[in-house]
Amino acid sequence: MELKDFDKVGDFRWLLPRQKNSSMKVDAEIFATEDILAAAVGDASIDQVINVASLPGILAHSFAMPDIHYGYGFCIGGVAAFPADTGIVLPGGVGYDINCGVRLLTTQIELEQFYPVREKIGQAILGRIPTGLTDKSNLKLNKKEFIDVLKNGAEEIVKHYCGEKEDLQYIESHGKLEFSAPEIISDKAFERGKTQVGSLGAGNHFIEVQVVDEIFDEAAARAFGLKKGCISIMIHTGSRGFGHQVASDYIERIRKKNIARITVSDPQLVYADIRSPEGQAYLQALNAASNFAWANRHLLMEDLVAIFEEILGSSRTGLKINLVYDQAHNIAKFERHLIDGRELDVLVHRKGATRAFPPGHHDIPEKYRPVGQPVIIPGSMGTASYVLKGTQEAMKITLGSSAHGAGRRLSRHKAIKLAADMNVRDMLKNKNILVFSHSSMGLREEIPEAYKEIDEVIKVTDGSGISEKVARMLPLLVVKG
Amino acid sequence: METFTVFSTTADVGIKIQGEGYSGLYQSAIKGINLLLFGDKAGELAGPGSQIHPFDFTGDSAENVLVNLLSEVVFLLQSRARITTGLDIKKISEAYLRADLQLCDARIEPGMEIKSVTYHNLKIIGQDGIKSAEIIFDI
């Protein structure tokens, strides 16, 4: 593929017509600047978008968001939908880290209040919240308790451990998808996951304390509780080893049953009919892992609230720490969309992509229905993050989807090499960012240069209309696993 | 004859492995994943371990066997803090492996977290009795 094969069909919208590749059943549509598109052609992530466009029963287009980069099966930033009754489901369209996602908290803590305790808060987070390669949660669950977490997600944490019931409405799907079949979870997944509920993980997972730096949409910012000059807190993590084991287990199970259906182009695109026993079992397991991730982020939030309360000497209410939203960016969900003039029930796969539902949608918190769903897009370590809002345009052109982050540009090896002579901590300190991590190698892997420019990703999402800018936050403190 | 090197892609890492027949290839895979996990310290790990973990797998292909073998290695490290130091093969064919994984307690911290073993671009190639493959891990 070359750039000239793409038709520019709108602001930051590029179409690869199905006629360009005989295996494609639908067009491929990439949301990108010309530079982002060129990079995607170069790193072969476009080939992955084409592979998805070639899957049986795919509806609308094979989409890619502007943080597109090479993945397994789907590219990162990939979105695709299949009929809910007769279509297919693919673990490769969700990813291994099922319900990896982002949670954003807002506060009324002002900078002058935060700076004197910034170091102390960073040390407390690193010391008390399980992070890193071999982290085990502080929460000790027996098998029954763990199964209850898998069944009830964030609701289980609120009911039996900590947190406010009021927060659940600000979590996508209220932090719980239907799961009632623990027998479909392997012993290995149980063993891997039982000790990790309430842990951050490593790699690109992080906790970040930020300041709201600029407001672009006053009304939406007010609805979301974002105030310029006040502290916000972001958590990025997922379903940990549990989700990975579930994904691996079901790739094997679906592969075993459907060996003839493994696409020659990519064995990571193995798929099952949604209504088949394997398809139904995977969807149940996906829900369990999604619930794990929501419970996980809920526990981490409560740990953070406790740290802020203790160090700032005030309650959550006094500090006005509120959950803005928690959204998934590796998931498959049943939704209803208008496709080719028909309202259809579909299974939407979003891998490294988020939901971006518009004003008025019944599936977003009532408080946000006048403005649209918050869309949280973190930048790389050391750069800005953004909150946007979902739009009708997204529903119309991307099945209600948007970008999820900056997207990697460099391999970890290249990043480590580039950062070899850098003192990453000092570099970030010079930008007024304190970083806390158990791993210096981990910091080098995650230098900002390893990622696309977040502003370019935001330019595309805002410019194409699939999400609109509400606020920008700048990092003050980053805790990496 | 076993060789193993580490490489990286935009988002993840992998190992290029090579060995005499499937037996050599799987031995190379164990050494390769340890190189990835433990870097310079991987050399301290080679050899018989203090514990045995049986592995018995019938797959649809050698690639299937390889992914499941390395997935077992990842599981043992992640969940039971056991490092696989060696592979004692009992029975092997193209899509079958019965072996004892030789284990030791995780006395060295891994330098990275391998979360899953993928099939991405995995194809075992054979020439003149030598098998080779590139296998990518989600980290």
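1. Two strands pair here if DSSP finds at least two bridges between them. Helices (H or I, at least four residues) and strands (E, at least two) are DSSP runs, numbered from the N terminus. With that in hand, E4(A) and E5(A) make a hairpin with six residues between them, and Gly73(A) in the turn has a positive phi of about 75 degrees.

2. A word on provenance: this is a predicted model, where local features need pLDDT of at least 70, side-chain atom pairs count only at pLDDT 80 or more, and totals for chains, interfaces and linings use all residues. Residues are numbered from 1 along each chain as its sequence is written, while chains are lettered from A and ligands numbered from 1 in the order in which they are written.

3. Back to E5(A). Strand E4 (residues 59-69) of chain A runs antiparallel to E5(A), with four bridges joining them; His69(A) sits opposite Ile76(A). Strand E13 (residues 342-351) of chain A is also antiparallel to E5(A), through six bridges, and Gly78(A) has Lys351(A) as its bridge partner there.

4. Seven of the eight residues of E5(A) (residues 76-83) are buried, so the strand is largely enclosed by the rest of the structure. Buried means 20 or more other C-beta atoms within 10 Å of a residue's own, exposed means 12 or fewer, and partly exposed is in between, with C-beta atoms placed from the backbone.

5. Now helix H1 (residues 34-42) of chain A: Ile36(A), Leu37(A) and Ala40(A) are buried. On the other side of H1(A), Glu34(A), Asp35(A) and Gly42(A) are exposed. Just after H1(A), Ala44(A) has a positive phi of about 70 degrees.
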